[in-house]
Amino acid sequence: MTKTIVIKGYWWLPSTPENTVAGILTYTPNESIILELIGQLKPETSAIEEFINREEECAILGYSSDAKEISLINCYPSGGNLNFSCKFPIQRYNCQHLIIGTHITSLDTPCFFKALINIPYLSLWATPNSIKNTMLFEEKQINKYCISFRAKGNHLDAVTLGNYRISIDGYVNYSGEYFEPKINQKTTVTLTNSSDYTLKDALKQIFLFEQFLSFATLKSLDSSKIVLYDKSKFQQLDNGEKHFFPIEYICTYKKNNEFKQEQNLAEQRKFLFTYETIKDEFHLIIKKWFQEQTDIAPIRHHLIECIRQKGSFSSVDFLLIIQAIEGFWWRFRDADYRLKNNIPRPTKTTLNTILESLINEFKEIEPLKLNQINIREVVDSRHYFSHFVPKSKKPFAKDGIELYHLTNQIRKLLICCILNFVGFSNEKINKIIKKSDNKFLH
């Protein structure tokens, strides 16, 4: 959600639903969810006592002026004012989670069965292919242009992960007026479960898919919109069909960078890979990404952080990548290496050996030219910035623009490690790299 939302209504604590307080909720995209109340949430205490001793509220419920149920989760006092000549205080809360359309008192409330997720660049990563353009000819001249689309969209793929099913679908939105019709197509992700799941569970699964897409596109991406569905929130139609009401979820920690319409299919060339590139391996790859989430989590976090678009560079960016490469080695390579080379456990594999082994493992990925990485420079730079040793003891340590170029080189090695982990062979990695024009790879 990228637009400011203002909700006027009555608000109360779940423990005292009979005590409602008027107030205004304001959501400012990428900044805050602020609830301003005119009065007291706890009438059993004095206005002065409540204002001074306010504590975090796990949940505040509301009912908006447009007849919607509102839930606010994790609400922290954030100021207000109290005039001793006035009969009521003004109280403000800064909230982490906003749910529009139902009442829940915790992220652990199991009540949802489906979620629709919009993520920037998803439509480019997996093109919806929902609109068909047709030209009709008459006497070798174009006589008619026809634009057609399926009312229910175009199903691209689906994969089952335990009790969850992730479906990727193309949709068409037809709007506008008779003289100016508007047709837009996009790709969305649907998360369903055979039984009701909690919001916390849904957010965990969504987060993993966001990170997978961030890796695939080499961009740091968050969902721009999450819509949930509750089996108890529906309208029964005359034909017996149930129409479930959408429940919108908004939080403050997601940075919603909307996909810009002026971007086009050429942007795909900047991705690491698209859905079409890995279509045959998609089920295997996405399952491993989700099922091995605990093992890969720290490395994955470092990877996503080091591909995030930033306006500056520092030695921290270099260290993030080195730590991720070391983490990959310790978790997925070190035991086999020690066994093969008869190395006893107490001896620690050096960074020099780690880099030599991994570079040799991926030397077939010709476009990346990993053999040009100066291992001595990487090792000295690692120890220089991690342990703050004198520069005289690490003469090959790099800084400034040289460290920036060195970081770009080892980032390629990390990307190979993650591609290998999720199931790509060196041959497939080679093909993926050759198709990509991303600046991190060339």
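Modeller: Leaving aside neighbours within four places in sequence, I100 is in contact with I5, I7, K68, E69, I70, P246, I247, E248 and I250. This is a predicted model. I100 belongs to strand 6, which covers residues 90–100. I100 counts as buried because its relative accessible area is 10%, and the cut-off is under 20%. L72 lies 28 residues from I100 in sequence, and the two C-alpha atoms are 8.9 Å apart in space.

In soluble globular proteins, nonpolar side chains tend to be buried together. Here the largest nonpolar core has 98 residues, and W125, F215, L272 and F273 have the most contacts inside it. Helix 10, residues 400–421, supplies the largest share of this core, 11 residues. Apart from it lies another core of 20 residues, which includes I5, I7, Y27 and C75. I5 and I7 were already named among the contacts of I100.

Helix 10 can be checked for its length. At 1.5 Å a residue, its 22 residues should span 32 Å, and its end C-alpha atoms are 32 Å apart, so the two values agree. After helix 10 comes G423, with a positive phi near 120°.

Helix 10 also packs against helix 8, residues 351–361: their axes come within 10 Å and cross at roughly 65°. This crossing is left-handed. On the helix 8 side, L355, L358, I359 and E361 take part, and they meet L413, C417 and N420 of helix 10. Sorted by class, the residues of this contact are five nonpolar, one polar and one charged.

Helix 6, residues 315–332, has 18 residues, which should span 26 Å at 1.5 Å a residue; the end C-alpha atoms are 26 Å apart, so expectation and model agree. Its buried residues are D317, F318, L319, L320, I321, I322, A324, I325, E326, F328, W329 and F332. The cover over these buried residues includes helix 5 (293–307), helix 7 (334–340), helix 8, helix 9 (375–387) and helix 10.

Key
Residues are numbered from 1 along each chain as its sequence is written. This is a predicted model: local features need pLDDT of at least 70, side-chain atom pairs count only at pLDDT 80 or more; totals for chains, interfaces and linings use all residues. Side-chain values use heavy atoms; hydrogens and water are left out. A nonpolar core is a set of buried Ala, Val, Leu, Ile, Met, Phe, Trp, Tyr and Cys residues joined through side-chain atoms within 4.5 Å. Buried means under 20% relative accessible area, exposed over 50%, partly exposed in between (1.4 Å probe, protein chains only). Helices (H or I, at least four residues) and strands (E, at least two) are DSSP runs, numbered from the N terminus. Axes are lines fitted to C-alpha atoms, for helices over the stretch in contact, and angles run from 0 to 180 degrees between N-to-C directions. A crossing is left-handed if the near helix is turned anticlockwise from the far one by less than a right angle, and right-handed if clockwise. Contact means heavy atoms within 4.5 Å. Ala, Val, Leu, Ile, Met, Phe, Trp, Tyr, Cys and Pro count as nonpolar, Asp, Glu, Lys and Arg as charged, and the others, Gly among them, as polar. The expected span of a helix is 1.5 Å times one less than its number of residues.
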